[in-house]
Amino acid sequence: MTRRYLAAFAAGLALTVSACGGEGAGSGTSGSGGASDGDVTVGVAMPTQTSERWIADGNNVKAGLEEAGYAVDLQYANDDIPTQSQQIDQLITKGVDLLIVAAIDGTALSSQLAAAAAADIPVISYDRLIRGSGDVDFYVSFDNYNVGVQQGTSLLTGLGLLNEDGSAGTATGPFNVELFAGSLDDNNAQFFWNGAMDTIQPFIDSGQVVVKSGQTTIDQAAILRWQQETAQKRMEDLLTSAYNDGSKVDGVLSPYDGISRGIITALQNAGYGGADKPMPVITGQDAEIASVKLIADGVQYSTIFKDTRELADEAVTAAEAMLAGEEPEANDTTTYDNGVKVVPAYLLESQIVTRDNIVETLVDTEYYSQAEVDTGQAG
């Protein structure tokens with residue numbers, strides 16, 4: 001790891017312990033590094049502390065900024081849009097010098113960003129593109145369309161329709177597959193869906209993949225706020241409506257590990273997971289530790305690993321450039337049109353994780369320890 005990654009990781013562990021000790025969602029933390037003695041403050045708005053992924057993002061961004069010498073005001077909004085809007089208003093009122101925002105609803109912050117622009121406060125959109133505003137200055141994220149392609153590919157590989165090298169597999173189907181999508185207020189959900197469906201659609205067209213429920217649009221498949229409980233309820237409804245004839249689900253496209261765990265609960269309650277009714281091939285995203293253990297145990301098939309240490313590092317690099325009055329480096333200046341402008345972006349790559357490469361991708365890179373993988377709990 002780089003020096004910044006190590007600092008972020010250490011601070012992340014400490015802050016995670018603090019969060020587990022009772023710091024509620026919607027609360028904020030602040031601190032300063034040594035180089036500027038707090039003369040420059042960066043406001044960081046994260047969506048929630050209910051997901052370990054967003055806790056890690058907040059911790060890593062904060063630690064990296066502090067290492068670079070900035071004071072940090074970090075806020076979590078508990079997946080509540082008015083709370084996040086109020087938090088950003090307060091950060092602007094406090095006079096922060098730059099904002100890094102991971103939006104709950106990418107369309108709900110136009111007035112806040114207009115206020116930031118009026119106060120000459122640059123805005124970095126973090127992982128989720130803020131839409132409908134010309135006051136977004138930069139975007140850091142992963143190649144979200146490719147994340148969807150990887151999810152679709154891993155589903156097809158798990159079913160045996162593709163080999164790992166992308167060549168045709170030995171299986172022919174037909175396989176019963178159900179489709180899940182993310183929250184429609186998150187701009188990334190559409191990219192994930194498009195990438196996955198562009199990958200899967202030829203197999204639907206050939207009849208090798210059958211969506212037995214008939215629910216094949218993103219509006220039908222979407223899970224509001226990416227909630228595990230909502231996904232469990234939808235999977236239960238699908239089983240009741242489309243699989244009451246004794247047929248079985250062979251695969252489930254899931255865009256996020258929390259959604260995957262809700263799907264798994266519904267399937268286990270319906271008797272899946274035994275020799276006579278094996279667990280379907282189920283995808284995921286974010287390499288959450290509970291799901292990594294499920295993958296190691298052969299329950300969930302795959303997840304997509306997006307190294308949030310790298311994303312935080314890129315956000316810090318962009319912030320340093322902007323605070324120095326420079327243009328941050330972009331590697332995509334055409335893709336991310338937020339409805340008002342094309343936002344320059346820096347995109348990172350992701351990796352498919354299955355049972356076979358957990359050690360290589362997650363343990364060897366020190367994202368998790370082997371003990372964490374074995375227990376399913378981040379230490």
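1. Basis. This is a predicted model in which local features need pLDDT of at least 70 and side-chain atom pairs count only at pLDDT 80 or more, while totals for chains, interfaces and linings use all residues. Residues are numbered from 1 along each chain as its sequence is written, and side-chain values use heavy atoms, with hydrogens and water left out.

2. Overall make-up. The protein has 13 helices and 13 strands; these are DSSP runs numbered from the N terminus, with helices being H or I of at least four residues and strands being E of at least two. Of the 379 residues in the protein, 54% are buried (buried means under 20% relative accessible area, exposed over 50%, and partly exposed in between, with a 1.4 Å probe and protein chains only). Taking contacts between residues at least 6 apart in sequence, 73% join residues at least 24 apart; contact means heavy atoms within 4.5 Å.

3. The sheet around β7. Four strands form an open sheet in the order β8-β7-β9-β10, with parallel pairing (two strands pair if DSSP finds at least two bridges between them). The edge strands are β8 and β10 (281-282), each of which pairs on one side only. Strand β7 (residues 175-179) is joined to β8 (residues 209-210) by two bridges, and to β9 (residues 251-253) by three bridges. Two bridges also link β9 to β10, again in parallel.

4. On the β8 side, Asn176 stands opposite Val210. Val252 in turn has Ile282 in β10 as its bridge partner.

5. Burial of β7. Five of the five residues of β7 are buried, and the strand is mostly covered. Phe175, Val177 and Leu179 point one way, whereas Asn176 and Glu178 point the other way, and all are buried. In a regular strand the side chains alternate between the two faces of the sheet.

6. Together with helix α6 (residues 187-205), β7 and β8 make a right-handed β-α-β unit. Right-handed here means that, with the strands pointing away from the viewer, the path from the first strand over the helix to the second runs clockwise.

7. Strands β2 and β3. Strand β3 (residues 71-76) is largely enclosed by the rest of the structure, because six of its six residues are buried. Ala71, Asp73 and Gln75 point one way from β3, and Val72, Leu74 and Tyr76 the other way. Six bridges pair β3 with strand β2 (residues 41-46) in the parallel sense, and Ala45 has Gln75 in β3 as its bridge partner. The chain passes from β2 through helix α2 (residues 52-67) to β3 in a right-handed β-α-β crossover.

8. Helices α2 and α11. Helix α2 packs on helix α11 (residues 308-323) at an angle of about 40°, with the axes 9 Å apart; axes are lines fitted to C-alpha atoms, for helices over the stretch in contact, and angles run from 0 to 180 degrees between N-to-C directions. That makes α2 oblique to α11 (under 35 degrees counts as roughly parallel, over 145 as roughly antiparallel, 65 to 115 as roughly perpendicular and the rest as oblique). The contact involves residues including Arg53, Ala56 and Asp57 of α2 and Thr308, Arg309 and Leu311 of α11. The crossing of α2 and α11 is right-handed; a crossing is left-handed if the near helix is turned anticlockwise from the far one by less than a right angle, and right-handed if clockwise.

9. Helix α9 and its two partners. Helix α8 (residues 228-242) and helix α9 (residues 257-269) pack at about 40°, with their axes 7 Å apart, and are therefore oblique. Their crossing is right-handed. With helix α10 (residues 289-296), α9 packs at about 55° and an axis separation of 9 Å, which makes α9 oblique to α10. The crossing of α9 and α10 is left-handed. Arg261 of α9 is among the residues that meet α8, and Arg261 is also one of the α9 residues in contact with α10.

10. Ala117. Ala117 lies in helix α4 (residues 110-118). Ala117 is partly exposed, with a relative accessible area of 34%. The C-alpha atoms of Ala117 and Gly134, 17 residues apart along the chain, are separated by 9.4 Å.
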